[in-house]
Amino acid sequence: MLQEIGVGSIDDLFIDVPKTIDGYNIPDGKDEFTVRKLVEELARKNKTFEPEFVFLGAGIYYHYIPTVVKHLAANPNFVTAYTPYQAEVSQGTLQMLFEYQTMMCELTGMEVANSSMYDGASSFAESLLMATRITGKYKMLVARTINPEYRTVARTYTKPIGIKIEELGYTELGTVNLDELKAKLDDETAAVAVAYPNFFGFIEDLKAIRSLIPQNVVFIVVAEPVSLALLEAPGKFGADIVIGEGQSLGVTPNLGGPGIGFFTTLEKHVRKMPGRLIGQTKDLEGKIGYVMILQTREQHIRREKATSNICSNQAYIALINAIYLSVMGPQGLREVAYRSYNNAHYLAKKLEEAGFAKIFSGEFFNEFVVRVPDDYRNRWHEMAKNGILGPIPIDRVYKELGPSALVCATEVNTKESMDKLVEVMKK
Amino acid sequence: MLQEIGVGSIDDLFIDVPKTIDGYNIPDGKDEFTVRKLVEELARKNKTFEPEFVFLGAGIYYHYIPTVVKHLAANPNFVTAYTPYQAEVSQGTLQMLFEYQTMMCELTGMEVANSSMYDGASSFAESLLMATRITGKYKMLVARTINPEYRTVARTYTKPIGIKIEELGYTELGTVNLDELKAKLDDETAAVAVAYPNFFGFIEDLKAIRSLIPQNVVFIVVAEPVSLALLEAPGKFGADIVIGEGQSLGVTPNLGGPGIGFFTTLEKHVRKMPGRLIGQTKDLEGKIGYVMILQTREQHIRREKATSNICSNQAYIALINAIYLSVMGPQGLREVAYRSYNNAHYLAKKLEEAGFAKIFSGEFFNEFVVRVPDDYRNRWHEMAKNGILGPIPIDRVYKELGPSALVCATEVNTKESMDKLVEVMKK
Amino acid sequence: MTIFERSKPGRKGYELPAYDVPDSGCNVPEHLLRKDPPMLPEVSEVDVVRHYTNLALKNYSVDRGFYPLGSCTMKYNPKINEDMAMLFTQLHPFQPRETIEGAVQLMGHLKELLCEITGTDDMTLQPAAGAHGELTGLLIARAYFEDIGELEKRKKVIVPDSAHGTNPASAAMAGFEVIEIKSGPDGCVDLEELKKHLDDTVAVIMLTNPNTLGLFEKDILTIAKMAHDVGALLYYDGANLNAIMGRTRPGDMGFDIVHLNLHKTFSTPHGMGGPGSGPIGVKARLAPYLPVPVVRKSGEKYELDYNLPKSIGMVRTFYGNFLVLVKAYTYILTMGGKGLKHVSDMAVLNANYLRVKLSKTFKIAYDRICMHEFVIDNEEFAKKTGVKTLDIAKRLLDYGLHAPTIYFPLIVHEAMMIEPTETESKQTLDTFVEAMERIAKEAQENPQLVKGAPYTTPVRRLDDVSATKYPVFRFKR
Amino acid sequence: MTIFERSKPGRKGYELPAYDVPDSGCNVPEHLLRKDPPMLPEVSEVDVVRHYTNLALKNYSVDRGFYPLGSCTMKYNPKINEDMAMLFTQLHPFQPRETIEGAVQLMGHLKELLCEITGTDDMTLQPAAGAHGELTGLLIARAYFEDIGELEKRKKVIVPDSAHGTNPASAAMAGFEVIEIKSGPDGCVDLEELKKHLDDTVAVIMLTNPNTLGLFEKDILTIAKMAHDVGALLYYDGANLNAIMGRTRPGDMGFDIVHLNLHKTFSTPHGMGGPGSGPIGVKARLAPYLPVPVVRKSGEKYELDYNLPKSIGMVRTFYGNFLVLVKAYTYILTMGGKGLKHVSDMAVLNANYLRVKLSKTFKIAYDRICMHEFVIDNEEFAKKTGVKTLDIAKRLLDYGLHAPTIYFPLIVHEAMMIEPTETESKQTLDTFVEAMERIAKEAQENPQLVKGAPYTTPVRRLDDVSATKYPVFRFKR
């Protein structure tokens, strides 16, 4: 090959490159059997928990994942394909994403979904940027009951372009303070954002909130997708943008990543929307096919005027979501949502009986906050040693609450495991 | 659907069936999450060993299996396809089997390989039946150094049609007694069968054996396929049939099954051969393709005059063999064979130094037999408790040897693990 | 392109760990050392990946679509079965008994479940396939007759002409003489014909019930009595068990030896032709002849019983295709007793639905209520249109479907044997009917179109004849 | 057919375990309860399996064949990476710190390896993709200038016209003004042009090196000095790192902020568009601004440092796409230091071989020694034959190959940007050359043939224009 190229050595191909190093200070490569041992050793230094003994949610949830999900998603023609730049040999990807978009529209009650964002937090951040593009305004009213990490990420994203985020407090119901909302709303307000259910697990009254917000203010809802099988779709209440984290739809916890951000909106806003969109079309013989559409919004064409810089996204996780939703269907997802709801309420009652008072009195979905003893954090570590991933203490983030923990239950918890938790927490 | 059929109920479809039961005395079905728990519980009741601490072979071997083998074989278009009855939509299966046949021919030095048998033992049994078809004779001289289970299976298969198996003993070299062979050979002899390497791990001198056998006597060699990367191919010595167990070519031990029997012979014998054969052909546009050939030998056409009743075989395991051999190539397989050989010889020396004398003095491949104390069997169980799957005691099967154990090493054993074995055996 | 043509000298796709065992040198005598390395592929990991990925793309499979091969029971293979089998791959068959407690328990429990399903008293899980089970069953019969001193006179095995090809081949391998008897006009065993051949020279009658026409042998109880009256044994070919679960059991009908195909009824995947598993259940008096080891309950635990002095021996090494057993066990736990009955109900419903729908266009060989499968008779169709069953089968491939079993059973000319299984939806069945109807229309309007099929497959119609006449057994440079 | 069209009311593919928790009743206010269930598919397990199995069959992938997308580095993804990632799927990001010791150690070790590879002092693994990393890097630059009181004056980011589209978009998101500068006649940064725009109003210069023409910016040391002389920072777009490993490091060349695409250079699969991972390495003075948490060595152990008061905050939740990190870590262990150098050597060798071979038939935009990729300029070819780059790309699909990146970089008209990567064999490259040559011939002899391509794909050429003009965003009944 060198001869064909007309050079004498490989080094000749690198004449332009300043030789600043001669190789790396990195050990030599290893065969796969040795590598396997090394990585397995690291894996053994982690502790994994039986899902039924996990009571930790806070944005990442353990759910039953049907066996087929993993099997189908493992197909190398999904795993090792790239962005469908050549649509004719990417119909698998494109149709899958089109169907994913449809499912997310259905869950949220919205008209358009993109084909994925990095995670719930970056989706949230992008929704605020989009609100500014829609309204030309820079003031955001953001509920303090939105996931704290989402709000941190949003601040990181929005600060450079001058967006100002004002927080909306919560009441003893555990939901957004409507009086404060009324007071802070003004002509400068671009958007109001709440979570549904919120970080504490409580169900915001979207109807009441929307009724307070003028039509030209963008209404953003951060939704937990499993809950939407039980709760009315935000689209029905006049949301402009509904976003969230899709991990709970068939994705393992993965130490928090990869998950997936979903992003939905209304057709009238679509040209302000970030991310990739797949649309239906026909081929020259009239056969239905799918392609990327509205790419003029995107960075590779519109460059600095793009609606976002996102390019690589989480398409593979969208596949997992789509397979999961296909297996579960409307009935299965509702069963999951209802069991999660019911388990959380059973657990709340048991914990209350055991002396762990609920801090909020509103209606919650599958999480809620309880008062805990001052030394709870130690107990939490202790429980982990014994195979229970208990409710996470949240008083470092919500200092105003005092000693408190966020309790989570999903359909994977059992009566037995919940009774056990109550018993262990009492000690 | 019932209406379309014109019956009132499902029961009406079963009018001919005598209703002897009303359902089974079997518990109701369970969801997959519960089933998973139940089966995992059974799995936990087994003990698995780190491969490097396994010194047990005797026909089933632990080897390094490259990661790709499992990934590629998991393709559902291999797993859930059936016998390639419609060749045009089974070219994946057919080409793979054609290539598998080629690889087995190459390893054994033979001209034709079929596309698989159940296991090494049934391959062996079928080779004796084939010898009778070729010669019209019924006396078989079978080395006692052939795997005892193979000989048991062969007796089961051959007894009904009147084949008589006479055993050939072994010398202190650990290989077949040539004088006995000479003495027992007569005009009634259909075949002589030896193993290469044999059950004790010793390398039969195929050249010397063949030189004693008349050309019209069928020479059957039971071969260990990994060893054939190091040892001369039996085909080179004039074998008529070379068969064996293919588990060592990339297949996990699987508690002994599934493995695969390979079966190779010469073109002149092919019409007497059992099992399915794949051949190359062309389609009507001249494109190369593959089909099942010589089916007139098979049961579905020839019925009671078929060369065998085999129909379902171990095609999927043939795929695993083919992938494994593709990854390893001639160089990799030789490396595996040589390391196995060298490890066994290192271990033999160390054991000898520790007082475990070798019982035989011939040349061996990766197994050998040592003298052990009377209470060794207890020690063997004790070692297993401590994570070492030690050399298996064989004095129940070869009573004449007295307390003895078959030691095995492959490339997965390390100096460290072998030294450890010696240390533990000494105790 | 074959993997050998992708090969390039010196290229490799593997790497072994560093090696620190001192080299002892090689003492193998020179003439026993390999001179020329085998011509195995020399390829990189990516070459291997692409080769097998592209081969897989050329296969039809159950995971791709409808696969109505009659008597093959190509039902959907639940993915959880595969995961469960993976839990047992690292066990060595000669591990100390106490270290495989879970595996033995699984086999023991599975055996009990399968005995309950078949109505038998004992069972071996050792046979690796259906035909292997047949052979095992006949060897058991043989051992039984030998034991009771009747082997000399009982040399015959009766097999109906509608039997699977493996039946006569297995009987022959077991050293019996095969007597083929003709079916009656109703497609079932002709009792008169049977009577003619039935006497105390008969060792075994082998039946498939429902038979390969998909018809239940309604005289089965009479046949059983006739067999037993002359001292013969009745053998059940389990290929078609998928039709009758939960309603009757072979043992209850009078069968003495029952084989099962775990890869048919019990949903383990077919793997392009195997591994399968063909357990053999027997009535109590035949249990002493089972191959060793037999898994037996002993108190609360299961033991491996090797102490069967009258055993036929072994039919393969170890415990059979153990991983296949794990998959079948997983399936039975999943379905449960009620679920298995439902399986048969739906399998029979689907078959009858297809039969009725197709009977509008095609001639059904025996057009009455069928069990899990039925047979189309295209003899007239072929005469009229010139389009044979083979052509229809090939044309179905163009419609993205697999063809039914063709030219079997032999007693129906131009046969198409169709078994939809219970895992197919009405939607899929309708798609198949529609394709068949369109092909029938094509056969009338443009027979050459059908005779030239398939057109859309990775290769066009292949030349079987010269492939056998001038066989190419292996790749050569 | 969409999965929604396979749906049938009431059909289901799941089953949950028996449920014994007492029903507490539902207290959600009526108006917040869902009235109409979402229109999700109602299908059986086998329906789902077939749907996705058949969709996968319609995709091209690296596991199927050559995928020479320029600047995308579609190298082979070793299977062991996938297995290793599977060992970490069950961890919750909020588990107690002491229960994720192995995961933290892995991140810590990976960070050190990547710092060594990039020549940087510290790093965040949090960004989920390349563009996400760009944004992160620019936010760090912004925070730095704010901290040193220069943000008011430094509003500009300089980007060459050959830069990836994400560069200007990321700069805009970070609140900077984008200044695009034209490349020189040699395809590299024009130093005069750069000088014209470079003053103390510039915050950052973003470069890809080698650039998108596959050319190494040979004046890079000068450019770095020019940037630093006016107090600007130099940003390295890591999309093309695969060309230079083991010979130089961005940090050594003077880059202050370096992004990596683990899904390009470090072999993690592309997953149809993601998840990726875009770590950002920085020189020591920028470390205080990294997003939290930063993994840091503390004695023999690694800790998660959240205590960075000057941090930009977070760019996503938790630790980024952690499983992708595991795969990249596995890759680096496998390749080792020497192996990574060899990767770049072979990537560059392959690209040059292709370039020289193709230069006999096509015009290479800058026909001199290239790095890991190069660009074909089909402007004349299109004028002469009427066959455009798009047509050639579509025709390549008929040859069973994926097309290169087309119409990029924008500075070459009718561009084809070709990156073969190091994992392709000469055989594969020759196959590609042959296909390209045949297409060139077709374009001359029968241009309509090429313009009508593709013919053999699951669909023919698709209508992008009306898809955007009359967008259909979702399936509707």
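**Briefing: chain contacts, salt bridges and annotated sites**

R11(D) is buried, with a relative accessible area of 17% (buried means under 20% relative accessible area, exposed over 50%, partly exposed in between, with a 1.4 Å probe and protein chains only). This is a predicted model, in which local features need pLDDT of at least 70 and side-chain atom pairs count only at pLDDT 80 or more, while totals for chains, interfaces and linings use all residues. Residues are numbered from 1 along each chain as its sequence is written, chains are lettered from A and ligands numbered from 1 in the order in which they are written, and side-chain values use heavy atoms, with hydrogens and water left out.

**Salt bridges**

- The whole structure holds 121 salt bridges over all chains (a side-chain nitrogen of Lys or Arg within 4 Å of a carboxyl oxygen of Asp or Glu).
- Side chains of opposite charge can pair when their charged atoms come close.
- R11(D) pairs with D47(D), with the closest N and O atoms 2.8 Å apart. This pair links distant parts of the chain, 36 residues apart: R11(D) sits in the loop between α1 (3–6) and α2 (45–57) of chain D, and D47(D) in helix α2 of chain D. Helices (H or I, at least four residues) and strands (E, at least two) are DSSP runs, numbered from the N terminus.
- D47(D) is also buried, at 8% relative accessible area.
- In chain A, salt bridges that share partners join R144(A), R151(A), R155(A), E167(A) and E400(A) into one network.
- D430(C) and K426(C) meet in a salt bridge at 3.1 Å, N to O. They are 4 residues apart in helix α13 (residues 426–445) of chain C, so about one helical turn separates them.
- D430(C) is partly exposed at 23%, and K426(C) is partly exposed at 36%.
- R36(A) forms a salt bridge with D83(D), the closest N and O atoms being 2.9 Å apart. This pair crosses between chains, from helix α2 (residues 32–44) of chain A to helix α3 (residues 79–86) of chain D.
- R36(A) counts as partly exposed at 22% relative accessibility, whereas D83(D) counts as buried at 10%.

**Chains B and C**

- The contact takes 178 residues from chain B and 193 residues from chain C (contact means heavy atoms within 4.5 Å).
- Chain B and chain C bury about 16000 Å² between them, and carbon and sulfur atoms give 63% of that. Buried area is the accessible area (1.4 Å probe) that two parts lose on being put together, summed over both.
- This interface has 13 salt bridges. K360(C) and E4(B) form a salt bridge across it, with the closest N and O atoms 3.0 Å apart.

**Chains C and D**

- The same surface serves both copies, as 96% of the contact residues of chain D recur in chain C.
- The contact takes 24 residues from chain D and 23 residues from chain C.
- About 2000 Å² is buried between chain D and chain C, with 46% of it on carbon and sulfur atoms.
- The rule finds 2 salt bridges across this interface. E424(D) forms a salt bridge with R50(C), at 2.7 Å between the closest N and O atoms.

**Annotated sites in chain C**

- An unreviewed UniProt entry places "modified residue: N6-(pyridoxal phosphate)lysine" at K264(C). UniProt positions are given in the numbering used here, feature names are shortened, and annotations may be inferred rather than shown by experiment.
- K264(C) lies in the loop between β6 (257–259) and β7 (280–282) of chain C. K264(C) is buried, at 10% relative accessible area.
- Not counting residues up to four places away in sequence, K264(C) touches S71(C), C72(C), T73(C), K75(C), A239(C) and H270(C).
- UniProt (unreviewed entry) puts "domain: Aminotransferase class V" at residues 140–273 of chain C. That span is 28% helix and 19% strand, and its end C-alpha atoms lie 26 Å apart.
- The UniProt annotation "domain: Glycine dehydrogenase C-terminal" (unreviewed entry) covers residues 344–445 of chain C. That span is 51% helix and 10% strand, with its end C-alpha atoms 39 Å apart.

**Cysteines**

- The search finds 0 disulfides over all chains (pairs of cysteine sulfur atoms within 2.5 Å).
- The sulfur of C26(C) is 17 Å from the closest cysteine sulfur, in C408(B), too far for a bond.
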